[in-house]
Amino acid sequence: MTEKLEVRKCLKDFSQEAHELYLNKSVPYLEQPPAPLELYRDWIAPNKPCIIRNAFNDWPALSRWTPSYLRETVGSKVISVAVTPNGYADAVNGDRFVMPEERHMTFSSLLDVVEGKEKRGVFYVQKQCSNLTEELSELTADMQPHIPWMSHALGKFPDAVNFWLGEGSAVTSMHKDHYENLYCVISGEKHFILLPPTDRPFIPYGLYQPAVYRQKDDGDFEVVDQTDSDKVPWIPLDPLNPDLDQYPAYSQARPVHCSVKAGEMLYLPSLWFHHVRQSHGCIAVNFWYDMEYDIKYNYFQLLESLSGVAGSR
C-alpha cells in the first residue's frame, strides 16, 4: 500500500511539472497557418493544441455546403449514420459500453431528421473510416484532399478524412486517439473539453461488456449485448458532470475548454483526451495523420501502466 501511495505521488508531481513547464492554461489562437517547421517545433513536438484561423479560407465548402446544395449534390447517396436514444454513442451506460445502431440511409433522409421533419432518436454522422472519401466523394472537390503544411511537417499524407454532421444533442464521450488531428469546422461550432496525456493518472478507466443500441418497432431502444466480444476499456466519467465522490482523483485534472467556430481549425495532438459537443446541424471535416510510435508513445505506455498500478479513482 505504501508503494502504491508513492507511485501516486510521483504521478501527481509528474502532471504538475508538465503544467508548470510547458502546458498552456487555455488553447492559443494562431491568426494564420504556421510554416511546417514552426508547426512541428512549436506544436507537434511539444504535443500542444492550438486553434488556427484563416487556414482554409479558400475552400468552396465554407459557402457551398448548405442543406440545399448537399441535397442536390449527395442527397441520394446512402451513408452510415449512428443512431442512439440519448446522443451518447460509444459511451459507458451503467455496466455496458454501448455503441450506436449503425443505420444506412440517404443523405436527404438524414437532413430531414436534422431539420426536424422526422424524429426517431439522435442521429450523428461519425463513421471514422475516411467516410468523406468513401461515402461522400462528390464533396471532395469543395476542399483540399490534405493540409499541405501538416503533410510537409509530418512527411506523410492523412490516414483518413472524416465528415461529421449531427444533432445538437449528439455527444462524443471522452477518449483519446493515436492520431495528429486537424479538425476543421465548416458551419456551426464544436465545443471541446481537452485534457493532456500527462493528466492520465486522474482519468478513470473501467472494463465494460460491449453492447449496441437497437431501435424496436415501437420506436424505443433496447441494449443488446455482444456476447462474443471482449470487454472494452473506456472512461466512465462525464466531464460535464464529474462524479467526484466516485472518482475523486479527477479533481486534480485540469481540463481546458475551447470552442471552434466555422472557418477555424483545431490542432488536437495525439493522445490528448477529448470530449466533444456541437451546435445543431454543425458540419465538420477532420484529417487524421498517424502519430509516430516513438519514445513519446513509449513514455505514454509507461504512464498508462503506472496509472493502472496506482489506480485512477
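Serine 130 sits in the loop between β8 and α6 (131-135), with helices (H or I, at least four residues) and strands (E, at least two) taken as DSSP runs numbered from the N terminus. This is a predicted model, where local features need pLDDT of at least 70, side-chain atom pairs count only at pLDDT 80 or more, and totals for chains, interfaces and linings use all residues. Residues are numbered from 1 along each chain as its sequence is written, and side-chain values use heavy atoms, leaving out hydrogens and water.

**Positive phi in loops**

- Serine 130 has a phi near 60°, a positive value in a residue other than glycine.
- With a relative accessible area of 11%, serine 130 is buried (buried means under 20% relative accessible area, exposed over 50%, partly exposed in between, with a 1.4 Å probe and protein chains only).
- Asparagine 54 isn't a glycine either, yet its phi is positive at about 60°.
- You'll find asparagine 54 in the loop between β2 (50-53) and α3 (61-64).
- Asparagine 54 counts as partly exposed because its relative accessibility is 40%.

- Strand β9 covers residues 160-166, and seven of its seven residues are buried.
- On one side of β9 the buried residues are Ala160, Asn162, Trp164 and Gly166, and on the other Val161, Phe163 and Leu165.
- β8 (residues 122-125) runs antiparallel to β9, joined by two bridges; strands pair if DSSP finds at least two bridges between them.
- β19 (residues 283-290) is also antiparallel to β9, with six bridges joining them.
- Which residue in β9 is the bridge partner of valine 125? That's leucine 165, whose bridge partner in β19 is isoleucine 283.

**Helices α4 and α5**

- Two packed helices are described by the angle between their axes and the distance between the axes.
- For α4 (residues 67-74) and α5 (residues 107-114), the angle is about 160° and the axes are 9 Å apart.
- So α4 is roughly antiparallel to α5 (under 35 degrees counts as roughly parallel, over 145 as roughly antiparallel, 65 to 115 as roughly perpendicular, the rest as oblique).
- Axes here are lines fitted to C-alpha atoms, for helices over the stretch in contact, and angles run from 0 to 180 degrees between N-to-C directions.
- Pro67, Leu70, Arg71 and Val74 of α4 meet Phe107, Ser108, Leu111 and Asp112 of α5, contact meaning heavy atoms within 4.5 Å.
- The residues of this contact split into five nonpolar, one polar and two charged (Ala, Val, Leu, Ile, Met, Phe, Trp, Tyr, Cys and Pro count as nonpolar, Asp, Glu, Lys and Arg as charged, and the others, Gly among them, as polar).
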